[in-house]
Amino acid sequence: GKTDKVGDLEFSARAGRRAVITSAKYEAYPFKLTEQREIFVEMVEKPKPAVIPTKQMPSFNGGSIPQFRQWFMNYANEELQKCIQSEDTHVYVWFAVGKSGNVTCVEIIKHNNPRAARVVKRAIYRSPRWTPGMEDGKPVNVTYTLPVNIAGTGGY
């Protein structure tokens, strides 16, 4: 059985079962319920309170993705300019910042320019160390998806 407290009344029953309460005890004084002959109570197991993890995202040079994007464009801009085609270039990249703060994995999700995709992947692998993400005081891996867009020349 389970002991539960409702207001100032305490009673025992199993979750999922109905309990019939005909009398109760309050501060060692027994008494009969007189307003109704019986009270039916459905016992329901109380859910445990959700533990909300304290999560801190990784930081890059004191910031986050905007600072990383600025570093990335400065680092890779010259190489990316060599990849310009007549149409706009789009590279979508997924990467992980590991527990040590290093970029541990880089995957090109989608692209329309193989040369630009190689430049993006190589540049992200060469990223300086991040401050790792933390969850409940412990370093954790965190993943990001980053779009890289390069305007085309518009020529035909």
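How many salt bridges does the count come to? The count comes to two salt bridges, taking a salt bridge as a side-chain nitrogen of Lys or Arg within 4 Å of a carboxyl oxygen of Asp or Glu. Keep in mind that this is a predicted model, where local features need pLDDT of at least 70, side-chain atom pairs count only at pLDDT 80 or more, and totals for chains, interfaces and linings use all residues. Residues are numbered from 1 along each chain as its sequence is written, and side-chain values use heavy atoms, with hydrogens and water left out.

**View 1. The whole chain, before zooming in.** The protein chain has two helices and 12 strands. These are DSSP runs numbered from the N terminus, with helices being H or I of at least four residues and strands being E of at least two. Walk along the sequence and you get β-β-β-β-β-β-β-α-β-β-α-β-β-β. Of the 156 residues in the protein chain, 28% are buried. Here, buried is under 20% relative accessible area, exposed is over 50%, and partly exposed sits in between (1.4 Å probe, protein chains only).

View 2. Three strands make an open sheet in the order β7-β10-β11, with antiparallel pairing; strands pair if DSSP finds at least two bridges between them. β7 (55-56) and β11 (138-140) are the edge strands, each pairing on one side only. Two bridges link β7 to β10 (residues 133-135) in the antiparallel sense, and K55 stands opposite E135 in β10. The side chains of K55 and E135 also meet in a salt bridge, at 4.0 Å from N to O. Because E135 sits in β10 and K55 in β7, the pair ties together parts that are 80 residues apart in sequence. K55 is exposed at 51% relative accessible area, while E135 is partly exposed at 26%.

**View 3. The E79 and K82 pair.** Here's the other contact to look at: the side chains of E79 and K82 form a salt bridge at 3.2 Å, N to O. E79 is partly exposed, with 32% relative accessible area, and K82 is partly exposed too, with 45%.

**View 4. Strands β8 and β12 side by side.** Strand β8 (residues 89-97) runs antiparallel to β12, and nine bridges join them. β12 (residues 142-150) has a covered face made of V142, Y144, L146, V148 and I150. Its uncovered face carries T143, T145, P147 and N149.

**View 5. F72 in helix α1.** F72 belongs to helix α1 (residues 65-81) and counts as buried, at 1% relative accessibility. Look for V120 as well: the C-alpha atoms of F72 and V120 are 8.6 Å apart, though the two residues are separated by 48 residues along the chain.

**View 6. An arginine patch on the surface.** R115, R118, R122 and R126 gather in a patch of positive charge on the surface. Patch members have over 30% relative accessible area and no salt bridge, and like charges are joined within 9 Å. R118 lies in helix α2 (residues 114-125) and is exposed, at 53% relative accessible area.

**View 7. Two loop residues with positive phi.** N61 isn't a glycine, yet its phi is positive, near 50°. You'll find N61 in the loop between β7 and α1, exposed at 60% relative accessibility. D136, also not a glycine, has a positive phi of about 50° and lies in the loop between β10 and β11.

Note on methods:
Patch = residues over 30% accessible without salt bridge, like charges linked within 9 Å, V, L, I, M, F, W, Y side chains within 5 Å. Areas by Shrake-Rupley, 256 points an atom, 1.4 Å probe, with all protein chains shown as cover. Lys, Arg positive; Asp, Glu negative; His and termini not counted. Charge placed at Lys NZ, Arg CZ, Asp CG, Glu CD.
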